[in-house]
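Subject: Structure for you to look at

Hello,

Here is the structure I promised to pass on. Please open it next to this email and follow along.

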Amino acid sequence: AFFNGNIHEEIAKMGPSAQSKEEKERWMNEVYFPTKNELPIFAGIDTLIKKLHADGCTLVINTSADADSTKKFLVKNGIDYFDAIYGTEISKDKKVKFEKILQDYNARGADTVFITDTVGDVLDAKDFGMRIILVTYGYQDKSHFSGMEKFVVGFAESPGEIEGYLG
């Protein structure tokens, strides 16, 4: 994996480089995120998202990318069922966005489920009391998740397994 924590913090911590901070940010915005948005969705995730939407769940994305590119990805893949996208326009810090999401939706962490595929996201979410589902088929595979068991309600090997943890 390219990083284990918040991508913006991880890139800032990288050693001396010929690239300035601005050049690294430009690379993320012009190369990394656009390339990531060209990846296909995982088989079955569209069905799960449509079902959650039909069941009346409030669906919110907390992303390290900008909201516009995330929205384009959702539309392109026919999964634009999300109520809001909290992207880098709000903050590069996911903890700040978790606080804002809970405040904006007048929700408690215990009333929310956070589905993620990175250790950094788990570490950012764990203090909010959210039920966390860690998927093992996304950005990081299960080999990265040692020690995360105490923070998550389960590990999902496929989109179909996520639903089992939502009850």
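One term first: a residue is called exposed when its relative accessible area is over 50%, and buried when that area is under 20%. Please keep in mind that this is a predicted model.

**Overview**

The protein has 7 helices and 5 strands. Starting at the N terminus, the elements follow the order α-α-α-β-α-β-α-β-α-β-β-α. Of its 167 residues, 40% count as buried. Now take the contacts between residues at least 6 apart in sequence: 46% of them join residues at least 24 apart.

**Helix α3**

Which residues of α3 are buried? They are Ile-45, Leu-48, Ile-49 and Leu-52. These residues cover an arc of only 95° around the axis, which puts them on the same side of α3. Thr-47 and Ala-54 are on the other side of α3, and they are exposed. Look next at what covers the buried residues of α3: the cover includes α7 (159–162). Just after α3 comes Gly-56, with a positive phi of about 85°.

**Helix α4**

Now go to α4, which spans residues 67–76. Its buried residues are Ala-67, Ser-69, Thr-70, Phe-73 and Leu-74. Seen down the axis of α4, they fall within an arc of 165°, so they line one face of the helix. The face turned away from that buried side carries the exposed residues Asp-68 and Lys-72. Among the elements that cover the buried residues of α4 are β1 (60–62) and β2 (84–86).

Check the two ends as well. Asp-66 caps the N-terminal end of α4. One of its side-chain oxygens lies 3.2 Å from the backbone nitrogen of Asp-68. Just after α4, Gly-78 takes a positive phi of about 65°.

**The cores**

In soluble globular proteins, nonpolar side chains tend to be buried together. Here is what that looks like in this model.

The largest nonpolar core has 16 residues. Which of them touch the most other members? Ile-45, Leu-74 and Ile-162 do. The elements α3, α4 and β4 each supply at least two residues of this core. α3 gives the most, with 4 residues.

Zoom in on Ile-162. Leaving aside its neighbours within four places in sequence, Ile-162 is in contact with Ile-45, Leu-48, Ile-115, Ile-133, Val-135, Tyr-137 and Ala-156. Two of these names, Ile-45 and Leu-48, are on the list of buried residues in α3.

There is also a second, separate core of 14 residues. Its members include Phe-98, Leu-102, Phe-114 and Met-148.

**Aromatic pairs**

The structure holds 4 aromatic pairs. One of them is Phe-42 with Tyr-137, an edge-to-face pair. Their rings are 4.8 Å apart centre to centre, with 75° between the planes. Phe-42 lies in the loop between α2 (21–36) and α3 (45–54), and Tyr-137 in the loop between β4 (131–135) and β5 (154–156), so the pair ties together parts that are 95 residues apart in sequence. Phe-42 is partly exposed, at 39% relative accessible area. Tyr-137 counts as buried, at 18%.

Phe-98 and Phe-114 also form an edge-to-face pair. Here the centres are 4.9 Å apart and the planes are at 85°. Phe-98 belongs to helix α5 (residues 94–104) and Phe-114 to strand β3 (residues 113–116), so this pair ties together parts that are 16 residues apart in sequence. Both Phe-98 and Phe-114 are buried.

One more ring deserves a look. Lys-142 lies over the face of Phe-155, at 5.1 Å from the ring centre.

**Thr-116**

Last, find Thr-116 in strand β3. Is Thr-116 buried or exposed? Thr-116 is buried, with a relative accessible area of 5%. Its side chain makes a polar contact with the side chain of Asp-121, at 2.6 Å. The side chain of Thr-116 also reaches the backbone nitrogen of Thr-118, at 3.3 Å. Not counting residues up to four places away in sequence, Thr-116 touches Asp-121, Val-122, Ile-132, Ile-133, Leu-134 and Val-135.

Best wishes

How values were computed: Residues numbered from 1 in each chain as written. Predicted model: local features only at pLDDT ≥ 70, side-chain atom pairs only at ≥ 80, totals over all residues. Heavy atoms only, no water. Buried < 20%, exposed > 50% of the residue type's maximum accessible area, 1.4 Å probe, protein only. Arc of directions from axis to C-beta. Contact = heavy atoms within 4.5 Å. Polar contact = N/O pair within 3.5 Å; in protein donor to acceptor, adjacent residues only side chain to side chain. Phe/Tyr/Trp six-rings, centres within 6.5 Å; stacked < 30°, edge-to-face > 60°. Lys NZ or Arg CZ within 6 Å of the ring centre and 35° of its normal. Core = buried A, V, L, I, M, F, W, Y, C linked by side-chain atoms within 4.5 Å.
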